[in-house]
Amino acid sequence: MNVLWRLVTGLSVLSLMMSCAPRSANQKRGDAAYNLAQKLEGNDKRIQLKTAYMYYDKAIKENPGQISPTLRNRYLEVTLVRASMVLNEGAAHMDAIPLFLDDIDKYNNQEVSPELKQQYSLFLLQMADTSSKKGRYDEALQTIDRAEKVASDPSPAVNKRQELRKSMAQENFELAEMDFANGKLNKDPEDYIKAEFWALTALYFDSTHEGAKKILKNLRKENASTYSAYLKVIDPIPDSAVFKKINKYDILMAIPTMQRRGKTITTLIDMYNYSYNPLKLKAEHFAFVDANGKRYTAKGVRITPEILDQEHEAKLKLIFPAPSAAIVKLEYKNGDHLSEKFLM
């Protein structure tokens, strides 16, 4: 049974809550429609519930400082019924749902019954399912978080989050495996970059996924000399919100050459500027970071050009002190600009 009919058949008993506050004319009209709805079925019931919603909305907003528990619960109940109707019937009036939910959140307090809070949470989980079916997984997770916060029993939301994260992590890990295998077979750097994106996405959904962690470590070795240009190789973009969190660097770096000589490491670095302004390049903006978190700032040898315009490439020769532990990443940090090229 969906959320709508659970509300219609199961929450009407909450209307018996008593209050000393006098009823306004609009509340009385709303009560009349609400009570009549309990005796009806089908479209007639829907019409009366909509009428009750309209009068309760006027009653609760004309005197928001004096809302009885009965009016508060009934208003939230019929508002949630209206939102459920819209969700179940399709996209024609979907823009109204956030407005309904804003009103529920505004008037949801300790006077609202645990049963009604739980039904609100279950409705949000139904919305999360709708987002998932449309491929908007980040939106679904945010809605699940919201459902957990409003629930009287958060376990359904907790379970749904775990299920969604686990399934999405596994799905993206399998894509990473496929593109990694293609990269080995075809010797195509773009396959490795795609595989890196899918592995990072798997770990976004489940940071403990051992398979994704292992394959990512291997991919970062393969991709050290290549730009991680996900925008170039991922088409179509599966979920724009998740994509933005994975594709978070607007400055790309690659390290085609890295040679250790005694206590120093000489590197050739390629750099591409996708950011919003030209960059003045200085050696002190670059550093290696080792497995212990220690930074080793570069000393310049050759930086060409000194000013890197937008959508242009630079080639740099830099010398770094040799780290005492394994190198985790190359870091570029210049004011608000931050980019990282992970090596392991």
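This is a predicted model: local features need pLDDT of at least 70, side-chain atom pairs count only at pLDDT 80 or more; totals for chains, interfaces and linings use all residues.
Which residue in β5 does Val 289 stand opposite?

**Stop 1**

Select Val 289 and look across to β5: the residue standing opposite is Arg 295. Now widen the selection to strand β4, residues 286-290, which runs antiparallel to β5 and is joined to it by 3 bridges.

**Stop 1: α4 against α6**

Next, select helix α4 (residues 69-89) and helix α6 (residues 114-133). Their axes come within 11 Å and cross at roughly 20 degrees. Angles under 35 degrees count as roughly parallel, so that is the label for α4 and α6. The crossing is left-handed.

Show side chains to see who makes the contact:

- From α4: Asn 73, Leu 76, Glu 77, Leu 80, Ala 83, Ser 84, Leu 87 and Asn 88.
- From α6: Leu 116, Gln 119, Tyr 120, Phe 123, Gln 126, Met 127 and Thr 130.

Sort the residues of this contact by type and you get 8 nonpolar, 6 polar and 1 charged.

**Stop 2: α5 against α6**

Keep α6 on screen and bring in helix α5, residues 97-107. Here the axes come within 13 Å and cross at roughly 155 degrees. The two helices are therefore roughly antiparallel, and α5 passes α6 in a left-handed crossing.

For the side chains, pick Ile 97, Leu 101, Ile 104 and Asp 105 in α5; they meet Tyr 120, Phe 123, Leu 124 and Met 127 in α6. This contact divides into 7 nonpolar residues, no polar ones and 1 charged.

**Stop 3: a pair of rings**

How many aromatic pairs does the count come to? There are 14, taking rings whose centres lie within 6.5 Å as a pair.

Zoom in on one of them, Phe 197 and Phe 243. Their ring centres are 5.4 Å apart and the planes sit at 45 degrees, so the pair is tilted.

Notes. Residues are numbered from 1 along each chain as its sequence is written. Side-chain values use heavy atoms; hydrogens and water are left out. Axes are lines fitted to C-alpha atoms, for helices over the stretch in contact, and angles run from 0 to 180 degrees between N-to-C directions. Helices (H or I, at least four residues) and strands (E, at least two) are DSSP runs, numbered from the N terminus. Angles under 35 degrees count as roughly parallel, over 145 as roughly antiparallel, 65 to 115 as roughly perpendicular and the rest as oblique. A crossing is left-handed if the near helix is turned anticlockwise from the far one by less than a right angle, and right-handed if clockwise. Contact means heavy atoms within 4.5 Å. Ala, Val, Leu, Ile, Met, Phe, Trp, Tyr, Cys and Pro count as nonpolar, Asp, Glu, Lys and Arg as charged, and the others, Gly among them, as polar. Two strands pair if DSSP finds at least two bridges between them. Rings of Phe, Tyr and Trp (its six-membered ring) pair if their centres lie within 6.5 Å; planes under 30 degrees apart count as stacked, over 60 as edge-to-face and the rest as tilted.
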